Amino acid sequence: MRHKPRDEIPVTSSPASALKALLPGLGERVLVMGILNVTPDSFSDGGRFEGVEAARSQADTLVAEGAALVDIGGESTRPGHTPVSAEEEQARILPVIRDLAPRLPVPISVDTYKASTADVALAAGARIVNDVWGLQREPDIARVAAAHGAPVMVMHNRESIDPAIDIVADMLRFFERSLDIARRAGIPDRDIVLDPGIGFGKSWAQHLEALRRLPELKALGFPILVGVSRKSMLGRLHDAETKPVDRLIGSLSSHVLAATLGADIVRVHDVAPHVDALRVVDAVMRTAS
């Protein structure tokens, strides 16, 4: 029997939006994605949630506080991070995903740019791929997502910071390439989310510019994910040096601003205060008069 070549992997997503089925409130209110890093070197909470029991407890907390999905990552992507192999990444996340997927009432997204990790994570029970390299570091990840019928979250990133460029123009070119990869793999537009990548490959001024011009990304017609939670750009606005855990007010302010400018999902460490703050945004901005 002839085996199908890679380009003939069947797409299993249904004509209806898989993304909307997983996140039924999308577009009606701002959704909160809870961060669950099972790494020893995450910039904010490295090592706190390693191991199945610690990860399970934190996932339960995130969901109880109102998270609409839980994002699980096994490789830190903070500035200066040390890359890990796919095998190490998978050893960290797979036991957690297998434990959580049958019991959580919300979907799990896997935070990875590696095609092989996305494949085994989706097989283990994750439902969405969240790629910090916008499907461009390992383009086969798009084919993997399509084969599983999984939506993708596509983040803008750069290998190096160039303060001289128009960062939004760069994003638009980047997303054009990402969308081409996704479409060629068979991922429908309705199952794609765009993320401006605050904190990745940008100068401080470009982080602010990316947030300020969020409506230009929203005009592309895709749901928008924004993650500013506890990031160092917020620390720069304080009078004194702060630890990531002390940046809650800046995180809330950034995400409320992003929501008023069109963000549909915010990725956060502190779920409960964000849920409360975004209720106000939804009441003002999304409730029909």
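This is a predicted model: local features need pLDDT of at least 70, side-chain atom pairs count only at pLDDT 80 or more; totals for chains, interfaces and linings use all residues.
Local features need pLDDT of at least 70 and side-chain atom pairs count only at pLDDT 80 or more, while totals for chains, interfaces and linings use all residues. Residues are numbered from 1 along each chain as its sequence is written, and side-chain values use heavy atoms, with hydrogens and water left out.

**Helix pair α3 and α4**

- Helix α3 spans residues 86-100 and helix α4 residues 115-124; helices are DSSP runs of H or I with at least four residues, strands are E runs of at least two, and both are numbered from the N terminus.
- The axes of α3 and α4 come within 10 Å and cross at roughly 15°, where axes are lines fitted to C-alpha atoms over the stretch in contact and angles run from 0 to 180 degrees between N-to-C directions.
- That angle makes α3 roughly parallel to α4 (under 35 degrees is roughly parallel, over 145 roughly antiparallel, 65 to 115 roughly perpendicular and the rest oblique).
- On the α3 side, A86, E89, Q90, I93, L94, I97 and R98 meet S116, T117, V120, A121 and A124 of α4, contact being heavy atoms within 4.5 Å.
- Seven nonpolar, three polar and two charged residues make up the contact of α3 with α4 (Ala, Val, Leu, Ile, Met, Phe, Trp, Tyr, Cys and Pro count as nonpolar, Asp, Glu, Lys and Arg as charged, and the others, Gly among them, as polar).

**Helix pair α6 and α7**

- Helix α6 (residues 167-185) packs against helix α7 (residues 204-212) at an angle of about 70°, with their axes 9 Å apart.
- The two helices α6 and α7 are therefore roughly perpendicular to each other.
- Residues I167, V168 and M171 of α6 meet Q206, E209 and A210 of α7.
- This contact of α6 with α7 has four nonpolar, one polar and one charged residues.

**Cavities and pocket**

- On a 1 Å grid over the protein atoms alone, a cavity is a set of points where a 1.4 Å probe fits but cannot get out, a pocket is an open set with protein on both sides within 12 Å along at least five of seven lines, and lining residues have an atom within 4 Å of a point.
- There are two cavities of 30 Å³ or more, a volume being the space filled by probe spheres set on the points, which are joined across faces, edges and corners.
- The second largest cavity holds about 30 Å³ of space and is lined by E75, T77, E89, D111, T112, Y113 and V132.
- The second largest pocket has a volume of about 230 Å³, and R29, V30, L31, G66 and A68 are the closest to its centre of the 15 residues that line it.
- Helix α11 gives the largest share of that pocket's lining, four residues.
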